[in-house]
Amino acid sequence: MPPLHIGLLGAGGIARAHLPGWLELGARVGVHTQDGSAEKLAAEYAARGHDVTAVPTLPELLADCRAVDICTPTPTHKDLALAAIAAGRHVVCEKPLALTVADAEDIAAAADAAGVRLHPAHVVRYFPAYAAMRDAVVRAELGAVAVLRFTRGGARPQWAPWFGDPAQSGGVIMDLMVHDIDIARWVAGDVVRVHARTRGVEHATGAPAGVVTATAVLTHASGAVSHVSGLWGLPDQRFRTTFRIAGADGLLCHDSTAVPGFRITAQGERAANEGIPSSPMTESPYLSELREFAASWDDPAVRPRVSARDGIEAVRIARAAVESSRTGRAVELTTAPAAPPGPAPAPAAANVEPTR
Amino acid sequence: MKVAVLSFAHVHAAAYLTLLRDLPGVEVIGSDPDTALAAPGETRGRAFAEGHGVRYAETYEDAFAWGPDAVIVCSENARHRPLVELAAAHRVDVLCEKPLATTVADGEAMVAACRAAGVRLAVAFPVRFSPAYAAVKRAVAAGDTGRVLTVSGANNGHMPTRARRWFADPELAGGGALMDHTVHIADLLDDLFAAHAVEVYAQTNNLLYEGEVTAETSGLVTVVYDNDTVATIDCSWSHPRSHPAWGGLEMTLVGEHATLEMDAFDQKVHGHSERHGRALELPFGVDLDAAMLRAFLYGPGPDGMAVADGEGGLRTLRIVAAAYASARTGAPVAVAGT
């Protein structure tokens, strides 16, 4: 097995979520950023004895790694991914894969042509509650899935200004709700119609920035319908995700704040709102995700539960929701998705093997 | 105070009969002559009244001849209109089960008939009497939420056809879950915002109870109001039949300055029954039906909440009518009459 040497691009919130996962997998990690934050992150980890180094230039990073993990703002994904693919590196790319379907497809086509793997990091598929729910659906525990509801909300991201600019982040639909859009499609299959509305302050300018929220209704090819709602909320909005999946034979519900396994009930002062969700009771979903991605590089039989096509379709649906929200019309996704540039297309959820 | 319950078609008739029977100072009589469309095995008519310890009138005319001060109409949705018009003809105030009617034309005729006769037409939306909703209303009215940006509501229950088959008969019910369950949350928002719905988008399916009924059993309805609030309502009959509860009603409001959640039926002690081999729930919340009946008969209580009137019932019905049009076409539909 070749040594696991990862080129990490970015040193922000999601890079800090991925880095411990890579180290747990025994990786050597080079970090590159353009603002000096790589040096800070590398120094922090090196001081604790980890093999993390800052790499001054992108070519140097690409010259000496097995795979690249792109944890940078969304608009930079395409150029960085294409550079990594050109260097023959596998690519892990933070969601959304890109801001447009065309860009997402370009990245996937390039990876396919170069024979490298492209892993859109839709990490919610690795959150144990979501994985357990999807396994139950695949086992037909609920019968035909009919109505799905997903909510995801937290304090509006303020740690990096690009989140507040819809031109860069895609806004609350592309950046936040794309998680549940992906899960809805994973559970109930392809989406043929989207209707969405966005309300509140889309451009975050003030401090604290105003609330922005969106609601989307997805109609699946199976006839199932999904309600996806997202909230970048007030500074004290606790991060929380919920789902409710109703089928002919049963119902599954989850509220991330209701089942922490462990909670601090008093600590003398109110804790700051957390940004990246974490659960001390289960393995980090980021670690689970990265392990599955890395395993597929050595063993072609390992097919990660999220494919390049999944990343493209999530962008396609989210893009349609943004378009619907802009125009006020429902958007039809009638054309069958183009032949995927990746390996075999993922079949509809009901026919897929369980995730584990 | 004399109150007649007209028809026992609706599943709520039992609760109304019992509550009215036990209300001090209230005399109640029931009448349920039109039972030809009931399914085999459904208890109706005199047996139903006697089973609830309530006097029975063989015909609606007999019930009106008894001289009621008010009547409650619990017929099938499509048969509300003749009974409401009968009440108007007898100049008796009427509380009509929801939805007001199955067509906007019927609803308009009912409102006009009651107005012309000078009788009160009220519509049975008990959830507006929930203390949880009252707290939401206070917060919004006081400006604590700021402008309300979005509302996510869910009114889910099991399909009520085992008690009363007509609920999924489009002829009698006007549809399925979309007709049955959209209006409760639509009524709350009608009361909360005093804004008009301008556009509705809806998607439905019948994947739940497929093969058992032809009516839609699932639905998601997005309503845009002229105050720019967007509400999405899950009206599905997606609550399992074997669950100890019938279902529930929840709502999340995202405002500029606060996010609120309410659950009209979450006040329960939860446990598990070894004897019955299933979860045990002991609701301890306010009886919303009782609060609604008191407000209908005696006027608003200390919190000032009044029963929904016919105009309000008509506004929520227009939303449902637009939702059906949208579900058919797959496109947003403007709400008529606004």
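The paragraphs below take the domains, then a sheet, then the chain contact.

This is a predicted model, in which local features need pLDDT of at least 70 and side-chain atom pairs count only at pLDDT 80 or more, while totals for chains, interfaces and linings use all residues. Residues are numbered from 1 along each chain as its sequence is written, and chains are lettered from A and ligands numbered from 1 in the order in which they are written.

Chain A consists of domain 1 (5–124) and domain 2 (125–345), with bounds from an automatic or database domain assignment. Their C-alpha centres are 22 Å apart. In chain A, 36 residues of domain 1 are in contact with 42 residues of domain 2 (C-beta atoms, placed from the backbone, within 7 Å). On the side of domain 1 that touches domain 2, α1 (13–24), β5 (90–94), α5 (101–114) and β6 (118–121) of chain A each supply at least two residues; helices (H or I, at least four residues) and strands (E, at least two) are DSSP runs, numbered from the N terminus.

Chain A also holds an open sheet of six strands, ordered β3-β2-β1-β4-β5-β6 with parallel pairing; strands pair if DSSP finds at least two bridges between them. Its edge strands are β3 (52–54) and β6 of chain A. β5(A) and β6(A) pair over four bridges, and A:Glu94 stands opposite A:Ala121 in β6(A).

Finally, the contact between the chains takes 32 residues from chain A and 27 residues from chain B. On the chain A side, β7 (145–155), β8 (191–200), β9 (212–220), β10 (225–233) and β12 (250–255) each supply at least two residues.

Conventions:
Two residues are in contact if their C-beta atoms, placed from the backbone, lie within 7 Å.
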